[in-house]
Amino acid sequence: MAEHRPCTARNETPLQRADRNFVELLQELRVTQTGVQILFAFLLSLAFTSRFEDLDTIQRVTYVVTLLLAVLAAALFTAPAALHRSLFQQGAKPRIVQVSSRLATTGLSVLVFALSGSVLLVVDVTTGRAGGIIAGAATLLVCVGLWGVLPRLVRRAGLRREADGAGERTEEEPEGGGAGVPAPLRRTVGQPSGLRGAQARRETPVRHR
């Protein structure tokens, strides 16, 4: 029964949270799967073009490696659906979400190299080896920056903002309490006048001693 109690800021149970996370993950996978399908279709059709026979050994190796990377990325992105179907109605939704998230992250890492390899191949064939290497490296850097570095920077900025906000709240004065009041008198602010008078009378004999 404990697992059905609300446990998050959204007032969700663990199962409701797992359902929401899985739906969000599927939405993300739809975006990436479209790109992988287009890339995979392009690579498959490339082998049947007339110019494919003119590729040298390095270009053919690049093509085969890129094709296999695209297949691996497609398999990783579709694995969550197969995993969910195999474990359907077995009470394993939180575990499915956890494993599927790792599969999607691995698929993105593979897709980075598949995109870089395809750009390297196309630019190499059209402009030359040096241009292909530069274009492929640039594609790799852009994908790593947008998919890997940028999320970490955004997360770090959010954590820093939360830390700064917590520090500001710690330094704030309580409501009605004494901004601009000297520190020795702050404890008397907000007290009834009778209490302040009694406290002053108790402190007077001490000062005379």
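Which residue forms a salt bridge with Asp 19, and how far apart are the closest N and O atoms?

**Entry 1, ground rules.** I am working on a predicted model, in which local features need pLDDT of at least 70 and side-chain atom pairs count only at pLDDT 80 or more, while totals for chains, interfaces and linings use all residues. I number residues from 1 along each chain as its sequence is written, and side-chain values use heavy atoms, with hydrogens and water left out.

I looked up Asp 19 and found its partner to be Lys 93, with the closest N and O atoms 2.7 Å apart; a salt bridge here is a side-chain nitrogen of Lys or Arg within 4 Å of a carboxyl oxygen of Asp or Glu. Asp 19 lies in helix 1 and Lys 93 in helix 3 (residues 93-126), so the pair ties together parts that are 74 residues apart in sequence; helices are DSSP runs (H or I, at least four residues), numbered from the N terminus. My search of the whole structure gave five salt bridges.

I found Asp 56 and Arg 129 joined by a salt bridge of 2.8 Å, N to O. Asp 56 sits in the loop between helix 1 and helix 2 and Arg 129 in helix 4, 73 residues apart. I also noted that Asp 56, Asp 124 and Arg 129 are linked in a network of salt bridges.

I looked up Glu 53, which counts as exposed at 58% relative accessibility, whereas Arg 60 is partly exposed at 31%; buried means under 20% relative accessible area, exposed over 50%, and partly exposed in between (1.4 Å probe, protein chains only). Glu 53 and Arg 60 form a salt bridge, their closest N and O atoms being 3.9 Å apart.

Notes:
Helices (H or I, at least four residues) and strands (E, at least two) are DSSP runs, numbered from the N terminus.
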